[in-house]
Amino acid sequence: MKEELIAKVVQVLRINMSWMTWNLFLAFIPLALSVWLFRMRRGGTWLWWLGFLVFYAFLPNAPYLLTDVIHLIDDIRTIQSVWMITLVLIPLYLLVILSGLEAYVISLINWGHYLHRIGKSQWIWRVETITHFLCAVGVYWGRFLRFNSWDFITQPDAVLTKGVEEILGKQPLVIIAITFVVLACLYWIMKRVTLGLSQSNSKIGINSGRTNSNTPNI
C-alpha cells in the first residue's frame, strides 16, 4: 500500500513537472525582459518598443500560474493522502504560484523604476492599475479561450475577434473583475514585502561596509 502511494505521488509529480516547468519559463520571460528594458536600456529605439510589446504579451503568463491551482484539486483526488498532500503537493504548488507572482511583482517594480528614472513617477500607480487589468484579461484568454502569448503573431484575427467578443459577456466580465481584484491585492502585498526585503538587504550591506572598510559597496 505504501509503495503504491509513493508510486502514485511520483507519477503525479512527473506529470506536473512538465507543465510547471513550462509555465514558469513563460512567467520568467517578462521578468528577464523587464531587466533589459527598464534597468539596462533607455527607450526610444524600435528594438526597445519591440521588446516592450513582447514584454506585455508575455506578462500575463506570470499571474496565470494562480489559475493552475485547479490542477491541485485533481491531484488531491488522485493521491488521497493527507500527509503527502500537506508535505509534498501543497508546498510544491505554493512555490510555483509564488514564483510566478514574484516574477510579476519584480517586473512591475522594474517598470516603475524606469518611470521614476525618466521623471514620470506620478504615472506608476496608473501603469500598475492598467497592467493589472490587461493581465486579468490575458489570464481569462489563456485559461478559458486557450490563447497563448504568441497568438498575437500567429493568429491576431482570432485574438481580436473571438477574444474581444468573449470578454463582453456578463460571466467573463465578472471573472476578469475578480481576477483584477485578486491580482491587485496580491501585488500590493508582495510589492511591499519585496521592497521591504530589498531595503533591509541594502541596510545590511551599508552597515557591513561601515564595519569593515575593506568591504566594497554594491
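View 1. Of its 13 lining residues, R39, I109, H113, L195 and S198 are the closest to the centre. Helix 5 (82–117), helix 6 and helix 9 (170–211) each give two or more residues to this lining. A pocket is an open set of points on a 1 Å grid over the protein atoms alone, where a 1.4 Å probe fits, with protein on both sides within 12 Å along at least five of seven lines; lining residues have an atom within 4 Å of a point. Grid points are joined across faces, edges and corners, and the volume is the space filled by probe spheres set on them.

The model is predicted: local features need pLDDT of at least 70, side-chain atom pairs count only at pLDDT 80 or more, and totals for chains, interfaces and linings use all residues. Residues are numbered from 1 along each chain as its sequence is written, and side-chain values use heavy atoms, without hydrogens and water.

**View 2. Helix 5 gives the most to the lining of the second largest pocket.** Its share is 6 residues. Helices are DSSP runs (H or I, at least four residues), numbered from the N terminus. By class, this lining has 5 nonpolar, 5 polar and 3 charged residues. Asp, Glu, Lys and Arg count as charged; Ala, Val, Leu, Ile, Met, Phe, Trp, Tyr, Cys and Pro as nonpolar; the others, Gly among them, as polar.

**View 3. The largest pocket has a volume of about 800 Å³.** It is lined by 31 residues, and A57, P60, N148, S149 and F152 are the closest to its centre.

**View 4. Helix 6 provides the largest share of the lining of the largest pocket, 7 residues.** The lining of the largest pocket comprises 20 nonpolar, 7 polar and 4 charged residues.
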